[in-house]
Amino acid sequence: MADLVTYELDGEVARIGLNRPDKRNALNEQMVDHLEAAVDRASREAKAAVVFGHGKHFCAGLDLAEHKERSLTEAVHNSRRWHFAFDRMQRGSIPFFAALHGAAVGGGLELAATAHVRVADETAFFALPEGQRGIFLGGGGSVRIARLIGTANVTDMMLTGRVLDVAGGERVGAVQYRTAAGGALERATELAHRAAQNASLSNYAVINALPRIQDMSQDDGLFTESLISSITTASPEALERLRAFLEGRAERLMPPSDGAS
Ligand code: 1HE
C-alpha cells in the first residue's frame, strides 16, 4: 500500500504530501498520525516545509466514512488528536507553507489554516460543509480559520454553504499567493526556500511569539515583543547578519518586480 503521507527533502525544505487521492485526501486517523510524524521529521531535518495534496485536490477534510462510526467519546478524542497534531505544525520550530489546489474544504481548510502561509492555484476552492453534514468544526477551525479570515466569514460559509473560489479566498485573507493552475507546489517550495534562509530564531519567533502576542493585551504584547526582540538580537546569528549588512556584505532589498511579490 502506498504511503498515506509522502515525505521528501529538497535541500533545507521538506515536502509533505497527503497521499490518498482516490478519497480526495480525506483525513482518516492513520493519516493524521502519519502527518504528525512527517511534521516532526521535518522539524528535525529541515528549516522550512511545504504541505500539499497528491491528485486533483488538496484535501476533502475529515474522512466521513470513518467518522460516522464514532461514539461521542471517540469523536471528542479524535478532534483533540487533530488539535495536538496540527499544533505541532503551527507552534513547532519551522515555518510551513501550504500549497493548495482543488478542494481545501472542512478539515482540509483547517489544515491549510494551520500552515503559516498559503499559496493557492486557480483551481483552489474553499468551503466549510460541516453544517451540511450535521457536524461542526473539529480540527481547530473555529479558532484558526476564524482568526485567519474572521468569524463573520466562517459563520457565513458554515451557515450558507458558501464556496469561495481562489479570488474569494484571497479576498478574505485565506490565500497569500496565487498561481496559475498547477503552480502552487513549486511556488510554495520557492517561498519555503526563501524562509529557510532567515535566522532560525527569527522564524521561531514569527511562528511562536507573533500569534501568542495577538492573544495578549496591548500592554502585555508590547512588553513581550521587547523581550523576544532582545533575545533574537543577542543571538550569534543576528550579530553576524547585522555586521554583514553594515559591512555591505548582505543583499539589499529591492522593490517588487512583476510576479516576484
Ligand atoms: C470522501 C470524502 C470525505 C471524498 N470523506 N470520503 N468534507 C466534505 O464534506 C467534502 C466531501 N467531498 C466532496 O465534496 C467532494 O468529494 C470533493 C469536492 C472534495 C471532490 O469531488 P470529486 O468529484 O473530485 O470526488 P468525489 O467523486 O466526490 O469523491 C471521490 C471519492 O472520495 C468518493 O469515494 P468512492 O469510493 O465513491 O470513489 C468519495 O466518497 C470520497 N470522498 N471526500 C470520505 N471527506 C476534524 S473535523 C473536520 C470536519 C470536516 O472536515 S467536515 C467536511 C468533510
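The following conversation sets values against definitions for several parts of this predicted model.

Visitor: Why is Asn28 called buried?
Guide: The relative accessibility of Asn28 is 10%. Buried means under 20%, so Asn28 counts as buried.

Visitor: Where does Asn28 lie, and which residues does it touch?
Guide: Asn28 is in the loop between strand S2 (13-18) and helix H1 (29-45). Apart from neighbours within four places in sequence, Asn28 is in contact with Leu4, Arg20, Asp63 and Glu66.

Visitor: Is Gly248 buried or exposed, and what makes it count as such?
Guide: Gly248 has a relative accessibility of 53%. Exposed means over 50%, and therefore Gly248 counts as exposed. Gly248 is found in the segment after helix H12 (236-246). Between Gly248 and Ala124 there are 42 Å in space, C-alpha to C-alpha, and the two are 124 residues apart in sequence.

Visitor: What makes S2 a largely enclosed strand?
Guide: Six of the six residues of S2 are buried, and therefore the strand is largely enclosed by the rest of the structure. Both faces of S2 are covered. On one side Val13, Arg15 and Gly17 are buried, and on the other Ala14, Ile16 and Leu18 are buried.

Visitor: Why are S1 and S9 called edge strands?
Guide: The sheet is open, with six strands in the order S1-S2-S3-S4-S6-S9 and mixed pairing. Strand S1 (5-10) and strand S9 (177-179) each pair on one side only, and these are the edge strands. On average, neighbouring strands of this sheet are turned by 20° against each other, direction ignored.

Visitor: What makes S5 and S8 edge strands in the sheet of three strands?
Guide: That open sheet has the order S5-S7-S8, with mixed pairing. Strand S5 (103-105) and S8 are its edge strands, since each pairs on one side only. S7 and S8 pair in the antiparallel sense over two bridges. The definition asks for at least two bridges, so this pair qualifies. Phe125 stands opposite Asp165 in S8. Helix H4 packs on the sheet, touching S5 and S7, and its direction makes about 90° with that of S5.

Visitor: How is the packing of two helices described, and which values apply to H4 and H6?
Guide: Two packed helices are described by the angle between their axes and the distance between the axes. The axes of H4 and H6 come within 9 Å and cross at roughly 65°. H4 passes H6 in a left-handed crossing. Leu109, Glu110, Ala113 and Thr114 of H4 make the contact with Gly141, Arg144, Ile145 and Leu148 of H6. These residues divide into four nonpolar, two polar and two charged.

Visitor: How do you know that the buried residues of H7 line one face of the helix?
Guide: The buried residues of H7 (residues 151-160) are Val154, Met157 and Met158. Seen down the axis of H7, these residues fall within an arc of 95°, so they line one face of the helix. On the other side of H7, Ala152, Leu159 and Thr160 are exposed.

Visitor: What covers the buried residues of H7, and which residue follows the helix?
Guide: The cover includes helix H4 (107-114), strand S7 (125-127), helix H5 (130-133), helix H6 (141-149) and strand S8 (164-165). H7 is followed by Gly161, whose phi is positive, near 75°.

Terms used:
Residues numbered from 1 in each chain as written. Predicted model: local features only at pLDDT ≥ 70, side-chain atom pairs only at ≥ 80, totals over all residues. Heavy atoms only, no water. Buried < 20%, exposed > 50% of the residue type's maximum accessible area, 1.4 Å probe, protein only. Helix = DSSP H or I, 4+ residues; strand = E, 2+ residues; numbered from the N terminus. Arc of directions from axis to C-beta. Contact = heavy atoms within 4.5 Å. Axes fitted to C-alpha atoms, helices over the stretch in contact; angles between N-to-C directions. Left-handed = near helix turned anticlockwise from the far one by under 90°. Nonpolar A, V, L, I, M, F, W, Y, C, P; charged D, E, K, R; others polar.
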